[in-house]
Amino acid sequence: MSNPSIDTHPLEAEATTEPLLVVDNLHVEFTTRQGLVRAVNGVSYTVNAGESLAVLGESGSGKSVTAQAIMGILDMPPARIPKGEVRFRGTDMLKLSDQARSQIRGQRIAMIFQDALSALNPVFTVGWQISEMFRVHRGMSKRDGMRKAVELMDRVRIPAAKNRVNDYPHQFSGGMRQRIMIAMSIALDPEVLIADEPTTALDVTVQAQIMDLLAELQRESNMGLILITHDLGVVADVADKIAVMYAGRIVEHAPVHDLYKTPAHPYSKGLLDSIPRVDMKGQELYAIKGLPPNLLDMPSGCAFHPRCPYRRDNCVTDVPPLYEISGTRGSACHYYREVLDGTLG
Ligand code: SF4
(Lines give C-alpha, C1' and ligand atoms only; values in the text may rest on other atoms or scores of the structure.)
Protein backbone atom coordinates (compact mmCIF):
# COMPACT_ATOMS: atom_id res chain seq x y z
CA MET A 1 0.00 0.00 0.00
CA SER A 2 1.34 3.45 -0.79
CA ASN A 3 1.93 5.81 2.05
CA PRO A 4 3.49 9.18 1.30
CA SER A 5 4.90 9.49 4.82
CA ILE A 6 6.80 6.24 4.61
CA ASP A 7 10.17 7.86 3.84
CA THR A 8 10.00 10.34 6.66
CA HIS A 9 8.39 8.41 9.50
CA PRO A 10 10.38 7.58 12.64
CA LEU A 11 10.47 3.79 12.41
CA GLU A 12 13.89 2.36 11.80
CA ALA A 13 13.02 -1.22 10.95
CA GLU A 14 10.52 -1.25 8.08
CA ALA A 15 11.68 -4.58 6.68
CA THR A 16 10.55 -7.27 9.09
CA THR A 17 9.07 -10.69 8.74
CA GLU A 18 6.86 -10.30 11.76
CA PRO A 19 3.18 -9.30 11.53
CA LEU A 20 2.27 -5.68 10.90
CA LEU A 21 1.30 -5.09 14.54
CA VAL A 22 2.32 -7.22 17.50
CA VAL A 23 1.04 -6.66 21.02
CA ASP A 24 3.37 -8.73 23.17
CA ASN A 25 2.75 -9.52 26.85
CA LEU A 26 1.28 -6.07 27.47
CA HIS A 27 0.55 -5.01 31.04
CA VAL A 28 -1.26 -1.77 31.90
CA GLU A 29 -2.04 -0.67 35.43
CA PHE A 30 -3.70 2.40 36.95
CA THR A 31 -2.96 3.96 40.30
CA THR A 32 -6.24 4.89 41.96
CA ARG A 33 -7.16 6.09 45.45
CA GLN A 34 -8.59 2.65 46.15
CA GLY A 35 -5.42 0.86 45.04
CA LEU A 36 -3.67 -0.52 41.99
CA VAL A 37 -5.93 -1.61 39.11
CA ARG A 38 -4.31 -4.13 36.78
CA ALA A 39 -6.44 -3.40 33.72
CA VAL A 40 -4.38 -5.36 31.18
CA ASN A 41 -2.51 -8.42 32.31
CA GLY A 42 -0.17 -9.99 29.77
CA VAL A 43 -2.19 -9.48 26.57
CA SER A 44 -0.64 -10.66 23.30
CA TYR A 45 -2.08 -10.55 19.81
CA THR A 46 -1.00 -9.93 16.24
CA VAL A 47 -2.57 -8.30 13.20
CA ASN A 48 -1.32 -8.80 9.65
CA ALA A 49 -1.92 -6.54 6.68
CA GLY A 50 -5.36 -7.30 5.29
CA GLU A 51 -6.39 -9.17 8.43
CA SER A 52 -9.25 -8.37 10.84
CA LEU A 53 -9.03 -9.13 14.52
CA ALA A 54 -12.11 -8.73 16.70
CA VAL A 55 -11.30 -8.07 20.36
CA LEU A 56 -14.34 -9.01 22.35
CA GLY A 57 -15.23 -8.45 25.98
CA GLU A 58 -17.54 -6.79 28.47
CA SER A 59 -16.90 -3.32 29.80
CA GLY A 60 -13.76 -3.34 31.98
CA SER A 61 -12.22 -6.37 30.25
CA GLY A 62 -9.21 -4.30 29.13
CA LYS A 63 -9.99 -4.31 25.40
CA SER A 64 -10.17 -0.51 25.01
CA VAL A 65 -7.26 0.13 27.38
CA THR A 66 -5.12 -2.17 25.19
CA ALA A 67 -6.15 -0.13 22.12
CA GLN A 68 -5.35 3.12 23.90
CA ALA A 69 -1.91 1.73 24.81
CA ILE A 70 -1.34 0.87 21.13
CA MET A 71 -2.34 4.41 20.12
CA GLY A 72 -0.28 5.98 22.92
CA ILE A 73 -3.26 7.95 24.22
CA LEU A 74 -3.34 6.69 27.81
CA ASP A 75 -2.94 9.34 30.47
CA MET A 76 0.34 8.38 32.15
CA PRO A 77 0.06 8.75 35.11
CA PRO A 78 -2.33 7.46 36.42
CA ALA A 79 -1.70 4.71 33.82
CA ARG A 80 1.60 2.82 33.72
CA ILE A 81 2.91 0.16 31.36
CA PRO A 82 5.22 -1.92 33.55
CA LYS A 83 5.81 -4.67 30.99
CA GLY A 84 5.26 -5.57 27.36
CA GLU A 85 5.80 -4.29 23.84
CA VAL A 86 3.66 -2.88 21.04
CA ARG A 87 5.64 -3.50 17.86
CA PHE A 88 4.55 -1.80 14.65
CA ARG A 89 6.55 -3.05 11.67
CA GLY A 90 9.12 -4.44 14.06
CA THR A 91 9.68 -1.33 16.18
CA ASP A 92 8.50 -1.13 19.78
CA MET A 93 6.31 1.95 19.83
CA LEU A 94 6.42 2.13 23.62
CA LYS A 95 10.09 3.07 23.35
CA LEU A 96 9.57 5.89 20.82
CA SER A 97 9.53 9.55 21.81
CA ASP A 98 6.16 11.33 22.03
CA GLN A 99 6.99 13.19 18.83
CA ALA A 100 7.85 10.00 16.94
CA ARG A 101 4.66 8.34 18.14
CA SER A 102 2.50 11.27 17.16
CA GLN A 103 3.80 10.94 13.58
CA ILE A 104 2.51 7.37 13.49
CA ARG A 105 -0.75 8.05 15.31
CA GLY A 106 -3.53 9.07 12.96
CA GLN A 107 -1.35 8.65 9.90
CA ARG A 108 -0.21 5.02 10.00
CA ILE A 109 -2.35 3.73 12.86
CA ALA A 110 -5.76 5.38 13.09
CA MET A 111 -8.67 4.94 15.46
CA ILE A 112 -12.43 5.33 15.19
CA PHE A 113 -14.12 6.14 18.46
CA GLN A 114 -17.47 5.02 19.75
CA ASP A 115 -19.20 8.35 20.01
CA ALA A 116 -19.01 10.24 16.72
CA LEU A 117 -21.01 13.20 18.00
CA SER A 118 -18.54 14.04 20.75
CA ALA A 119 -15.52 13.19 18.58
CA LEU A 120 -16.60 15.67 15.88
CA ASN A 121 -16.33 19.39 16.51
CA PRO A 122 -19.86 20.89 16.41
CA VAL A 123 -18.72 24.33 15.24
CA PHE A 124 -16.94 23.24 12.05
CA THR A 125 -18.46 21.75 8.92
CA VAL A 126 -17.72 18.08 8.31
CA GLY A 127 -15.89 19.01 5.10
CA TRP A 128 -13.61 21.33 7.03
CA GLN A 129 -12.87 18.65 9.62
CA ILE A 130 -12.09 15.97 7.04
CA SER A 131 -10.03 18.35 4.88
CA GLU A 132 -8.02 19.41 7.94
CA MET A 133 -6.33 15.99 7.84
CA PHE A 134 -4.98 16.83 4.38
CA ARG A 135 -4.11 20.42 5.19
CA VAL A 136 -2.22 19.56 8.37
CA HIS A 137 -0.54 16.30 7.37
CA ARG A 138 -0.19 16.65 3.61
CA GLY A 139 0.18 20.42 3.27
CA MET A 140 -2.76 20.66 0.85
CA SER A 141 -4.55 23.90 0.03
CA LYS A 142 -8.07 24.48 1.43
CA ARG A 143 -9.55 23.90 -2.01
CA ASP A 144 -7.73 20.59 -2.61
CA GLY A 145 -8.49 19.51 0.96
CA MET A 146 -12.22 20.08 0.40
CA ARG A 147 -12.07 18.18 -2.89
CA LYS A 148 -10.48 15.23 -1.05
CA ALA A 149 -13.15 15.54 1.66
CA VAL A 150 -15.91 15.12 -0.95
CA GLU A 151 -14.07 12.11 -2.43
CA LEU A 152 -13.84 10.51 0.99
CA MET A 153 -17.49 11.23 1.83
CA ASP A 154 -18.39 9.53 -1.45
CA ARG A 155 -16.16 6.60 -0.54
CA VAL A 156 -17.94 6.06 2.77
CA ARG A 157 -21.24 6.42 0.87
CA ILE A 158 -22.64 9.62 2.20
CA PRO A 159 -25.38 10.46 -0.30
CA ALA A 160 -24.98 13.74 -2.21
CA ALA A 161 -21.55 14.30 -0.63
CA LYS A 162 -20.87 17.39 -2.72
CA ASN A 163 -23.99 19.10 -1.37
CA ARG A 164 -23.42 18.01 2.20
CA VAL A 165 -19.74 18.81 2.60
CA ASN A 166 -20.60 22.19 4.18
CA ASP A 167 -23.11 20.77 6.66
CA TYR A 168 -22.40 20.57 10.39
CA PRO A 169 -22.23 17.30 12.40
CA HIS A 170 -25.66 17.82 14.03
CA GLN A 171 -27.27 17.86 10.56
CA PHE A 172 -26.36 14.18 10.05
CA SER A 173 -27.91 11.04 11.51
CA GLY A 174 -25.89 8.87 13.93
CA GLY A 175 -24.98 6.40 11.17
CA MET A 176 -23.88 9.18 8.80
CA ARG A 177 -21.79 10.80 11.54
CA GLN A 178 -20.05 7.47 12.10
CA ARG A 179 -19.35 7.33 8.35
CA ILE A 180 -17.77 10.79 8.61
CA MET A 181 -15.56 9.53 11.47
CA ILE A 182 -14.57 6.58 9.31
CA ALA A 183 -13.77 8.96 6.43
CA MET A 184 -11.49 10.97 8.75
CA SER A 185 -9.78 7.86 10.07
CA ILE A 186 -8.94 6.49 6.61
CA ALA A 187 -8.04 9.88 5.11
CA LEU A 188 -4.30 9.31 5.38
CA ASP A 189 -4.35 5.63 4.26
CA PRO A 190 -3.45 4.11 7.64
CA GLU A 191 -1.92 0.64 7.71
CA VAL A 192 -3.79 -0.28 10.89
CA LEU A 193 -7.29 0.88 11.78
CA ILE A 194 -8.62 0.40 15.30
CA ALA A 195 -12.40 0.68 15.56
CA ASP A 196 -13.51 0.94 19.20
CA GLU A 197 -17.18 -0.08 19.47
CA PRO A 198 -17.93 1.75 16.19
CA THR A 199 -21.59 0.74 16.09
CA THR A 200 -22.67 0.78 19.74
CA ALA A 201 -24.92 3.84 19.51
CA LEU A 202 -26.57 2.73 16.24
CA ASP A 203 -29.62 0.65 15.45
CA VAL A 204 -29.18 -2.89 14.15
CA THR A 205 -29.63 -2.12 10.43
CA VAL A 206 -27.18 0.79 10.52
CA GLN A 207 -24.75 -1.38 12.55
CA ALA A 208 -24.70 -3.92 9.75
CA GLN A 209 -24.15 -1.21 7.13
CA ILE A 210 -21.20 0.26 9.06
CA MET A 211 -19.67 -3.21 9.52
CA ASP A 212 -20.04 -3.89 5.78
CA LEU A 213 -18.42 -0.55 5.02
CA LEU A 214 -15.46 -1.28 7.31
CA ALA A 215 -14.99 -4.72 5.76
CA GLU A 216 -15.11 -3.25 2.26
CA LEU A 217 -12.64 -0.45 3.03
CA GLN A 218 -10.32 -2.96 4.62
CA ARG A 219 -10.39 -5.23 1.57
CA GLU A 220 -9.75 -2.30 -0.77
CA SER A 221 -6.81 -0.94 1.17
CA ASN A 222 -5.33 -4.10 2.75
CA MET A 223 -5.32 -2.47 6.19
CA GLY A 224 -4.98 -4.44 9.39
CA LEU A 225 -8.27 -3.93 11.27
CA ILE A 226 -8.78 -4.26 15.02
CA LEU A 227 -12.46 -4.26 15.84
CA ILE A 228 -13.22 -3.78 19.53
CA THR A 229 -16.69 -4.81 20.58
CA HIS A 230 -18.79 -6.28 23.35
CA ASP A 231 -21.15 -7.80 20.80
CA LEU A 232 -20.17 -11.15 19.32
CA GLY A 233 -23.16 -10.87 16.99
CA VAL A 234 -21.66 -8.07 14.89
CA VAL A 235 -18.25 -9.53 14.03
CA ALA A 236 -18.95 -12.86 12.31
CA ASP A 237 -18.84 -11.49 8.76
CA VAL A 238 -16.05 -9.00 9.30
CA ALA A 239 -13.39 -10.63 11.47
CA ASP A 240 -10.85 -13.30 10.51
CA LYS A 241 -10.01 -14.09 14.11
CA ILE A 242 -11.22 -13.27 17.60
CA ALA A 243 -9.52 -12.61 20.92
CA VAL A 244 -11.96 -12.82 23.84
CA MET A 245 -10.91 -10.77 26.86
CA TYR A 246 -12.01 -11.15 30.45
CA ALA A 247 -10.70 -9.22 33.46
CA GLY A 248 -7.61 -7.96 31.63
CA ARG A 249 -6.58 -11.25 29.99
CA ILE A 250 -7.24 -13.02 26.73
CA VAL A 251 -9.22 -16.09 27.72
CA GLU A 252 -9.70 -17.48 24.22
CA HIS A 253 -8.34 -16.72 20.77
CA ALA A 254 -9.32 -18.50 17.59
CA PRO A 255 -10.17 -18.10 13.91
CA VAL A 256 -13.65 -16.60 13.91
CA HIS A 257 -15.47 -19.61 12.42
CA ASP A 258 -13.80 -22.06 14.83
CA LEU A 259 -14.93 -20.02 17.81
CA TYR A 260 -18.49 -19.73 16.51
CA LYS A 261 -18.63 -23.46 15.81
CA THR A 262 -16.93 -24.82 18.91
CA PRO A 263 -15.97 -22.31 21.61
CA ALA A 264 -13.18 -23.53 23.87
CA HIS A 265 -13.89 -21.38 26.93
CA PRO A 266 -17.10 -21.25 29.01
CA TYR A 267 -17.12 -17.44 28.79
CA SER A 268 -17.02 -17.45 24.96
CA LYS A 269 -19.67 -20.16 25.01
CA GLY A 270 -21.85 -18.01 27.28
CA LEU A 271 -21.41 -14.99 24.97
CA LEU A 272 -22.39 -17.09 21.96
CA ASP A 273 -25.41 -18.54 23.72
CA SER A 274 -26.59 -15.02 24.54
CA ILE A 275 -26.84 -13.94 20.87
CA PRO A 276 -30.50 -13.81 19.79
CA ARG A 277 -31.25 -16.36 17.04
CA VAL A 278 -34.20 -16.56 14.65
CA ASP A 279 -34.77 -20.24 15.45
CA MET A 280 -35.16 -19.37 19.16
CA LYS A 281 -38.20 -17.13 18.73
CA GLY A 282 -40.25 -17.07 21.93
CA GLN A 283 -37.52 -18.71 24.02
CA GLU A 284 -35.79 -16.91 26.86
CA LEU A 285 -32.33 -15.66 25.93
CA TYR A 286 -29.38 -17.10 27.87
CA ALA A 287 -27.49 -14.57 30.01
CA ILE A 288 -24.17 -15.13 31.76
CA LYS A 289 -24.91 -14.85 35.47
CA GLY A 290 -23.24 -12.22 37.64
CA LEU A 291 -21.00 -9.31 36.78
CA PRO A 292 -17.39 -8.95 35.66
CA PRO A 293 -15.02 -8.88 38.67
CA ASN A 294 -13.89 -5.77 40.47
CA LEU A 295 -10.31 -5.33 39.25
CA LEU A 296 -9.32 -4.08 42.72
CA ASP A 297 -10.45 -7.33 44.26
CA MET A 298 -9.88 -10.09 41.74
CA PRO A 299 -11.19 -13.59 42.42
CA SER A 300 -8.58 -16.24 43.15
CA GLY A 301 -7.73 -18.88 40.56
CA CYS A 302 -9.68 -18.49 37.32
CA ALA A 303 -11.13 -14.95 37.29
CA PHE A 304 -14.30 -16.30 35.64
CA HIS A 305 -14.94 -18.91 38.34
CA PRO A 306 -17.65 -16.97 40.28
CA ARG A 307 -19.77 -16.89 37.09
CA CYS A 308 -18.75 -20.18 35.51
CA PRO A 309 -21.43 -22.90 35.47
CA TYR A 310 -18.71 -25.56 35.03
CA ARG A 311 -16.23 -24.60 37.76
CA ARG A 312 -14.41 -27.32 39.68
CA ASP A 313 -12.48 -27.09 42.94
CA ASN A 314 -9.13 -26.33 41.30
CA CYS A 315 -10.69 -23.45 39.33
CA VAL A 316 -10.90 -21.51 42.60
CA THR A 317 -7.23 -21.96 43.41
CA ASP A 318 -5.27 -22.36 40.15
CA VAL A 319 -4.95 -19.60 37.57
CA PRO A 320 -5.37 -21.27 34.16
CA PRO A 321 -2.57 -20.47 31.72
CA LEU A 322 -3.49 -19.79 28.08
CA TYR A 323 -3.38 -23.43 26.92
CA GLU A 324 -2.36 -23.84 23.27
CA ILE A 325 -4.97 -25.90 21.46
CA SER A 326 -3.41 -25.52 18.00
CA GLY A 327 -1.14 -23.04 16.22
CA THR A 328 -4.08 -20.64 15.89
CA ARG A 329 -6.18 -21.39 18.97
CA GLY A 330 -5.77 -21.00 22.69
CA SER A 331 -7.99 -21.15 25.77
CA ALA A 332 -7.41 -20.13 29.39
CA CYS A 333 -9.68 -22.83 30.82
CA HIS A 334 -8.38 -25.90 32.69
CA TYR A 335 -11.19 -27.88 31.04
CA TYR A 336 -11.01 -26.58 27.48
CA ARG A 337 -10.99 -30.12 26.02
CA GLU A 338 -14.31 -30.90 27.68
CA VAL A 339 -15.74 -27.51 26.63
CA LEU A 340 -14.70 -28.22 23.04
CA ASP A 341 -16.25 -31.69 22.89
CA GLY A 342 -19.32 -30.63 24.87
CA THR A 343 -18.79 -33.07 27.75
CA LEU A 344 -18.31 -30.51 30.52
CA GLY A 345 -21.45 -30.38 32.59
FE1 SF4 B 1 -14.79 -22.30 34.31
FE2 SF4 B 1 -12.81 -23.54 35.59
FE3 SF4 B 1 -12.65 -23.13 32.99
FE4 SF4 B 1 -12.47 -21.08 34.67
S5 SF4 B 1 -11.04 -22.79 34.49
S6 SF4 B 1 -13.62 -21.14 32.82
S7 SF4 B 1 -13.93 -21.69 36.25
S8 SF4 B 1 -14.15 -24.43 34.04
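Helix α4 (126-138) gives the largest pocket the biggest share of its lining, five residues. This is a predicted model, where local features need pLDDT of at least 70, side-chain atom pairs count only at pLDDT 80 or more, and totals for chains, interfaces and linings use all residues. Residues are numbered from 1 along each chain as its sequence is written, and side-chain values use heavy atoms, leaving out hydrogens and water.

A pocket here is an open set of points on a 1 Å grid over the protein atoms alone, with protein on both sides within 12 Å along at least five of seven lines, while in a cavity a 1.4 Å probe fits but cannot get out; lining residues have an atom within 4 Å of a point. The largest pocket has a volume of about 380 Å³. Of its 17 lining residues, Met111, Phe113, Met133, Met181 and Met184 sit closest to the centre. Besides α4, both β6 (109-112) and α7 (174-186) give two or more residues.

The ligand sits in the largest cavity, meaning more than half of its atoms lie within 2 Å of the cavity's grid points. Cys302, His305 and Arg311 are among the residues around the ligand, each with a heavy atom within 4 Å of it.

Conventions. Points joined across faces, edges and corners; volume = space filled by probe spheres on them. Helix = DSSP H or I, 4+ residues; strand = E, 2+ residues; numbered from the N terminus.
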